[in-house]
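Open the model in your viewer and follow along. Each stop says what to select and what is there.

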Amino acid sequence: MTTLTKTEGAPPPTGSNAFLSVRDLRVQFSTEEGIVKAVDGLSFDLERGKTLGIVGESGSGKSVTNLSILGLHSPQNTTITGEILVDGQDVTDVSRKEMESLRGNKMAMIFQDALTALSPYYTVGRQIAEPFVKHTGASKKEARARAIEMLGKVGIPDPKSRVDDYPHQFSGGMRQRAMIAMSLVCNPELLIADEPTTALDVTVQAQILDLLKDLQQEFGSAIVLITHDLGVVANVADDLLVMYAGRAVERGSVREVLKSPQHPYTWGLLSSMPSLGSDVNEPLRPIPGTPPSLLNPPTGCPFHPRCEFAELVENSSRCVHERPVLAEGRASACHLTAQQKQQIFIETIQPRLG
Ligand code: SF4
């Protein structure tokens, strides 16, 4: 079911050059316990050749957003409203068959775990070649040559012989590279990478992120990078969207958000991760409490039960009763004044970050 609803207060982004435009997206799941509001009024734009990082804890709605873009939810229990425009086409309003074709040609996904994404029964080369045959009509010979070419592009040594290996013959890092080759084989214009490096050690993680950057330059793809790790987006993304309880709570360029974050939840994320140069004995500060139930989310600001700064808001009951709106451009959805945000960041948060 796809219907349009009006954005609550927040003007949607202008998005004139956007390759991907998400407008007031709402994704709800019907469960035996009730309706889960997994994404609740999300809008953002992404241009070709740019990377948008989406960060948040699990349950924040980031992965659900991306499965919606790819049309991968079960239609039985899912209601999606709003618009997801990919190159101007609303993908919430296309047939299953059209979606399958779009998934091969225009957009592709890199999953967190290559082991589950690659079949153990087929060679790596065959799995890279198959979507190429399906979406371009290439011959098997051409597709094999393309698979070898792609394995070379993602840095697999001796691709001509490794093309006939099975996934278990590859290391974890090589499997992740092979999955990236599979995702890029049809030159997708939009690439969705969901925690693409989480399962890898730090060195391989850095290599894979560098590879994504290089391939983006070559292919000019727009990339949505989903992660819980602000360190990953700092290295790769151009813009950043911080999500909490199915909503965007802060957005801006990566530089702006990491240099002067404005939202108490973003402060919490930053304080809970180790920073370069910080004392290894310095304890990390996890965000107090747990992410809210999306079956019955808190009223007002969804972060209020965990927020240590709510009492600084003039008439702090606003945090409990009034949902803060995320304005257009560089913005955060919080009732604190701009001056308060700046002062708290400088006096309280920066010392914690070291
Ligand atoms: Fe905290 Fe209130 Fe801002 Fe929400 S609106 S983040 S509860 S200060």
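The structure holds three cavities of 30 Å³ or more. A cavity is a set of points, on a 1 Å grid over the protein atoms alone, where a 1.4 Å probe fits but cannot get out. Points are joined across faces, edges and corners, and a volume is the space filled by probe spheres set on them.

This is a predicted model: local features need pLDDT of at least 70, side-chain atom pairs count only at 80 or more, and totals for chains, interfaces and linings use all residues. Residues are numbered from 1 along each chain as its sequence is written, and side-chain values use heavy atoms, without hydrogens and water.

Go to the second largest cavity. About 90 Å³ of space lies there. Select Pro264, Cys301, Cys307, Cys319 and Cys334: of the 15 lining residues, these lie nearest the centre. Lining residues have an atom within 4 Å of a point.

Now show the ligand. The second largest cavity is the space it takes, with more than half of its atoms within 2 Å of the grid points. Which residues are around the ligand? Among them are His263, His304, Ala310, Val313, Pro324, His335 and Leu336; each has a heavy atom within 4 Å of the ligand.

Finally, zoom out to the chain. Switch to a C-alpha trace, which spans about 70 × 50 × 40 Å along its principal axes. Then colour by burial: 50% of the 354 residues are buried, meaning under 20% relative accessible area with a 1.4 Å probe, protein chains only.

Conventions. On a 1 Å grid over the protein atoms alone, a cavity is a set of points where a 1.4 Å probe fits but cannot get out, and a pocket is an open set with protein on both sides within 12 Å along at least five of seven lines; lining residues have an atom within 4 Å of a point.
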